[in-house]
Amino acid sequence: MGMTITEKILARHAGLEQVTPGQIIEVDVDLLMINDVSGPLAVQAFKSTGRDRVFDPSRLVIVLDHYVPNKDVAAAEQAAFLTNFAKEMEIKYFYKLGQSGIEHVLLPDEGLIMPGDLVIGADSHTVTYGALSAFATGMGSTDVASIMITGKTWLKVPKTIEIEYKGQPGRWVSGKDLILRTIAELGVEGALYCAMEFKGVSIRYLGQASRFTMANMAVEAGAKNGIFLPDGILSDYVKERTQTANRRIIYDESDRDATYERHVEINIEGMEPQVALPPLPSNVKPVSELKNIRIDQVFIGSCTNGRIEDLRIAAKILKGKKIHKDVRMIIIPATQAIFRNALSEGLLELFLDAGGVIGPPTCGPCLGGHMGVLAPREKCISTTNRNFIGRMGHKESEVYLSNPAVAAASAILGRIGSPEEVF
Amino acid sequence: MIFKGRTFKFGDNIDTDNIIPAKYLSITNEIILGSHCMEGIDPEFHRRVVQGDIIIGGSNFGCGSSREQAPLAIKGCGISCVISKSFARIFYRNAFNIGLLLLECPELVEDVNDGDTIQGDIRVGILKNFTSGKEYTANPIPPFILEIINDGGLIPHIMKKIK
């Protein structure tokens, strides 16, 4: 019987010829990741067992990214706790402020994840790595602690939903718009416990950055993982990074006779940029339907849209323009390397000229942590992934999700609007 | 494993930012987390909870982030069990791993009113609403998750297995 790409990766890591949806399997984990908010609980649980070594110090990655630069004493203590643990365990890939960045942008760019890998992270957006044709999913701290001990975990083989995109993306449409449209079609629990397999002709037009954005938000439809099939764009991205990785690469494909839970077709021909209205990522409308929604803040960044490609799109819109006088614009390159590239390409100066402020790589504003927290009744258009009640600050503040072009155009307009209106 | 308590009813898609806002993620102590439980939608919630009380959720309870502080806050607040139509997958694993009980029972969720008294037995999955007198059968908990519960959580379970 044929298998999907997800089933093939899972079968290989369980040492089985074949797996079927619903089956409970034990899998070997290629790479495990913890961060400064999920890590301390995981390390506490690990330490409670009296162990003095993790399963493999070169396969547990520790990234300090959520509350860096340390936002308060408690965050500083957590960062220090993990820094000491990384030293004690001789962790090979420990990323602190200055070398670091947002985990889900950093790990692929550093070449730590290869196609065919099985990756577990103590963060729900670990699903991002599905854009590398890897199986990746998020778990909580205690699950991760058990993997720190054994290098293994249990998984229920998910059913796969096949999502086929048709048509060519419009000028200002990117991966963010495709995934917002998809979540709108499926609902926030439409893919609960399932794998989402992204395919179709439209994917050919999307660069690797857009694919990361889409896989990143698979969890917003409840999915266990979101995955792309390998192609030339992926292998080009990977080739540049295999030097540092020095790992086996397996390009899996879904079999022609693989079984799918269902098939969803999404036609993007003529589709406008999409915006998710509060309080759910599924509450999506085309940008032209949003009239006169005044905004107080614009945020461009995060594991969803903080890549260099995203900053270039924002820069294209903002070049030679000033943002609206009532708007604050925060731009955060996702990693140190992206920050440096944005600097050398002149993007940061352009953002400053437009009236924006540039922050150091951090997850901060996306989760209402720091560096851009909202007051009651403030509205923010944000390139992030969640617009839940109170997500970016006070519970009466509101978050609208969009692609970087719409966010940048809205900064100029002072209200939510289309790139067409300013470009 | 029998539990009994008063219910607090919430709607669909209660996310982890509702359960424990991100500003508390620097906390790992479950009692302190418990004093902020559900603060994202109901800041007074923790004051009204009595040890053993029950949270009723709609569908997709616990969606959003992987933060284990969410089930820890619920447990630390004194809640004995969350009964919902469905749970987000990371939350589902996290809860059992740290010893918070969950049951899926869409029929009960449909009928129950805020403040009803419910008694349940996690092993057999029978739930009784004392206020209405009706009985329900929850979706069974997978056997290997029952093992995790019996062993007192995931870490004791793993340590027992590798010994």
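**Close-up views of a two-chain predicted model**

**View 1. Chain B as a whole.** Of the 163 residues in chain B, 54% count as buried, where buried means that 20 or more other C-beta atoms, placed from the backbone, lie within 10 Å of a residue's own, exposed means 12 or fewer, and partly exposed is in between. What you see is a predicted model: local features need pLDDT of at least 70, side-chain atom pairs count only at pLDDT 80 or more, and totals for chains, interfaces and linings use all residues. Residues are numbered from 1 along each chain as its sequence is written, while chains are lettered from A and ligands numbered from 1 in the order in which they are written. Chain B has 8 helices and 7 strands; these are DSSP runs numbered from the N terminus, helices being H or I with at least four residues and strands E with at least two. The radius of gyration of chain B is 15 Å, close to the 15 Å from the globule rule for 163 residues, so the chain is as compact as a globular protein of that length. That radius is taken over C-alpha atoms, and the rule is 2.2 Å times the number of residues to the power 0.38. Along the principal axes, the C-alpha atoms of chain B fill a box of roughly 45 × 40 × 25 Å.

**View 2. Where chain A touches chain B.** Here 42 residues of chain A are in contact with 34 residues of chain B, contact meaning that the C-beta atoms of two residues, placed from the backbone, lie within 7 Å. On the chain A side, the elements giving two or more residues are helices H2 (39–47), H3 (73–88) and H5 (141–150). The largest share, 7 residues, comes from H5(A).

**View 3. Leu118(A) and its surroundings.** Leu118(A) lies in strand E5 (residues 118–121) of chain A. Leu118(A) is buried because 23 other C-beta atoms lie within 10 Å. Leaving aside neighbours within four places in sequence, its contacts include Ile9(A), His13(A), Val27(A) and Phe135(A).

**View 4. Strands E9 and E10 of chain A.** Strand E9 (residues 195–199) of chain A pairs with E10(A) in the parallel sense over 4 bridges; pairing takes at least two bridges found by DSSP. Look for Ala195(A), whose bridge partner in E10(A) is Asn225(A). From strand E10 (residues 225–228) of chain A, Asn225(A) and Ile227(A) point one way and Gly226(A) and Phe228(A) the other way, and all are buried.
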